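Subject: Structure handover

Hello,

The structure we spoke about is below.

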Amino acid sequence: MPSQTRRQNQNPQKKQWSLQDFEIGKPLGKGKFGRVYLARELKSKYIVALKVIFKEQIEKYRLHHQLRREMEIQTSLRHPNVLMLYGWFHDDERIYLILEYAHRGELYRELRKTGHLTEKQAATYIASLAQALAYCHEKDVIHRDIKPENLLLDHEGRLKIADFGWSVQSTSKRHTMCGTLDYLAPEMVENKAHDYAVDNWTLGILCYEFLYGVPPFEAESQTDTFRRIMKVDLSFPSTPQVSAEAKDLISRLLVKDSSKRLSLQKIMEHPWIMKNADPMDKCSKLDV
Ligand code: AMP
């Protein structure tokens with residue numbers, strides 16, 4: 001099924017997908033613009049996640065050009081830690097995205113269930129993210145909306161970056177008013193020009209949240225979070241106990257001057273990652 005879809009995208013003369021090609025299963029979740037269902041392609045029996053987006057919503061927010069561009073970006077990305085977009089089709093009312101199925105769902109749910117992750121789990125996920133982002137940055141793609149809700153897990157516990165980009169810009173205006181600021185780098189909350197280093201900052205935020213269960217600059221109000229981000233008001237609680245090496249990595253990522261943040265390559269070589277990350281890139285539930 002994946003190779004078939006690729007071929008079809010490269011050759012528009014080939015048969016296009018339609019809803020008739022799929023058997024629709026249980027709903028997997030609900031997003032900003034529609035629902036996601038488990039689905040099986042009838043011929044190959046290949047299991048996918050089908051994301052259904054209502055055109056009306058896309059038109060209302062004038063997102064169609066952006067959606068198309070971002071779908072093209074995501075289709076071109078091939079990395080074990082980037083959720084695959086196999087293809088898409090549409091009917092009068094809806095757009096359907098044929099996505100790789102992430103069996104274990106949102107990483108966020110596992111984080112909430114256990115409160116915080118082990119150092120091994122956290123390091124494995126950070127290493128997977130660093131590798132995926134290095135790949136994306138090489139292709140000049142900056143995600144800018146990496147947060148636990150956008151991170152999914154496959155059946156083996158391998159992390160997959162989802163929601164590639166297009167939801168980013170759709171919410172970017174709202175970020176400053178009602179969305180969460182917690183994952184944004186200082187240059188982004190200040191609306192300054194920014195580059196790929198915003199993703200490195202977010203890795204620092206996520207690493208902290210994986211280990212402590214809450215993001216580092218959480219506050220009662222958006223204004224306070226804003227202030228804490230701008231001051232890099234970072235402190236490490238005494239519980240849960242976290243190793244000095246993990247704190248060292250976090251401190252080297254949460255640096256206000258974006259040019260001084262640890263590079264993705266250096267993250268992968270950091271002693272904490274080297275010591276704790278699973279080289280096979282997987283986290284089993286039993287590690288919890
Ligand atoms: P989204 O519209 O992308 O925010 O997706 C809404 C929810 O559907 C997510 O929070 C996930 O729980 C679920 N979901 C989305 N994509 C997938 C996928 N490829 N595999 C499994 N679950 C998914």
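A residue is counted as near a molecule if one of its heavy atoms lies within 4 Å of it. This is a predicted model, in which local features need pLDDT of at least 70, side-chain atom pairs count only at pLDDT 80 or more, and totals for chains, interfaces and linings use all residues. Numbering starts from 1 along each chain as its sequence is written, and side-chain values use heavy atoms, with hydrogens and water left out.

Ligand

The ligand is surrounded by 14 residues, with G31, K51, E100, A102 and E106 the closest. For polar contacts (pairs of N or O atoms within 3.5 Å), K51 places a polar side-chain atom 2.7 Å from a ligand oxygen atom. Polar backbone atoms of two residues lie by ligand nitrogen: the distance is 2.8 Å for E100 and 2.9 Å for A102. On its own the ligand has 470 Å² of accessible area (Shrake-Rupley method, 1.4 Å probe), and the protein covers 85% of that.

Largest pocket

Pockets and cavities were searched on a 1 Å grid over the protein atoms alone: in a cavity a 1.4 Å probe fits but cannot get out, while a pocket is an open set of points with protein on both sides within 12 Å along at least five of seven lines; lining residues have an atom within 4 Å of a point. Points are joined across faces, edges and corners, and a volume is the space filled by probe spheres set on them.

The largest pocket has a volume of about 840 Å³. Its lining has 34 residues, and G29, V36, E106, E149 and L152 lie nearest the centre. Taking helices (H or I, at least four residues) and strands (E, at least two) as DSSP runs numbered from the N terminus, β1 (22–30) gives the largest share of this lining, four residues. Among the other elements that supply at least two residues each are β2 (34–41), β3 (47–54) and α6 (166–175). Domain 1 (18–100) and domain 2 (106–276) each contribute at least three residues to the pocket lining; the domain bounds come from an automatic or database assignment.

Largest cavity

How many cavities of 30 Å³ or more does a search of the whole structure find? There is one, and the largest cavity holds about 90 Å³ of space. Twelve residues line this cavity, R144, D145, I146, Y183 and L184 being the closest to its centre. Helix α8 (residues 197–212) provides the largest share of the cavity lining, three residues.

Backbone

The T239 to P240 peptide bond is cis, with omega near -10 degrees; P240 sits in the loop between α9 (222–231) and α10 (244–253). K45, in the loop between β2 and β3, is a residue other than glycine with a positive phi, near 65 degrees.

Regards

How values were computed
Polar contact = N/O pair within 3.5 Å; in protein donor to acceptor, adjacent residues only side chain to side chain.
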